[in-house]
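Please look through the structure below before reading on.

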Amino acid sequence: DAPGSQLATAEKLLQDFAGPLANIHEVCALEGECRFPIEFEKGIGALLPHAQEMRSVQRLLQMETRVQLHRGNIDGAISTIGHMLRAARALDHQTSLLEHLVRIALYTVAFSEVEFLLNETPLTEPQLASLQQQLAALDLKGGLTTGMLGERGMGYVTFQQVQSLGD
């Protein structure tokens, strides 16, 4: 009810993206590991559109978390934060440094939502335990080695094709 509130606009946007959001939640609930293809043979010219798309997924989940909190659905917000963490984990084993940096950015957004939740909402013991369990399961350092190996591979290919970089 605050002047200038954009809650109704955010709810409308979430309603417009209800289908993709349902798909995101469905995928985040699955077990397993994601892999996104990279054309290493293009060297530093390899495109990584999935990295930006993952940032968009994270922003949509962040908006959903805030709307749920403002509507008093704390358990729903905690679940959505869990999906934010799962979305970030999708890049845990990717093979480029850029993807690793996007992964860190995704985790940072999720952590900021955890911080907001803890500061703004009284949580029950089971809710705190759920958050603690989700955070304890993270391996934040794991993807760096794989990302560096991928960068080394792309650098090697780039140096082999230096004459064609202008093309």
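A salt bridge is a side-chain nitrogen of Lys or Arg within 4 Å of a carboxyl oxygen of Asp or Glu. In this model, which is predicted, Glu 33 forms such a bridge with Arg 35, and the closest N and O atoms of the pair are 2.9 Å apart. Glu 33 is partly exposed, with a relative accessible area of 48%, while Arg 35 counts as exposed because its relative accessible area is 54% and the cut-off for exposed is over 50%.

A search of the whole structure finds six salt bridges. One of them is formed by the side chains of Arg 86 and Glu 31, at 4.0 Å from N to O. This pair links distant parts of the chain, since Arg 86 belongs to helix H4 and Glu 31 to the loop between H2 and H3, 55 residues apart. Arg 86 is partly exposed, with a relative accessible area of 23%, whereas Glu 31 is exposed, with a relative accessible area of 70%.

Another salt bridge joins the side chains of Arg 103 and Asp 92, at 2.5 Å from N to O. Arg 103 lies in helix H5 and Asp 92 in the loop between H4 and H5, so this bridge ties together parts that are eleven residues apart in sequence. Both Arg 103 and Asp 92 are buried.

Leaving aside residues up to four places away in sequence, Leu 117 touches Leu 69, Ile 74, Ile 78, Ile 81, Leu 123 and Leu 131.

Helix H3 deserves a separate look. At 1.5 Å a residue, its 22 residues should span 32 Å, and this agrees with the 32 Å that separates its end C-alpha atoms. Among the buried residues of H3 are His 50, Ala 51, Met 54, Gln 58, Glu 64 and Leu 69, and what covers the buried residues of this helix includes H1, H2, H4 and H5. Just after H3, Gly 72 takes a positive phi of about 85 degrees.

Key:
Residues are numbered from 1 along each chain as its sequence is written. This is a predicted model: local features need pLDDT of at least 70, side-chain atom pairs count only at pLDDT 80 or more; totals for chains, interfaces and linings use all residues. Side-chain values use heavy atoms; hydrogens and water are left out. Contact means heavy atoms within 4.5 Å. Helices (H or I, at least four residues) and strands (E, at least two) are DSSP runs, numbered from the N terminus. The expected span of a helix is 1.5 Å times one less than its number of residues. Buried means under 20% relative accessible area, exposed over 50%, partly exposed in between (1.4 Å probe, protein chains only).
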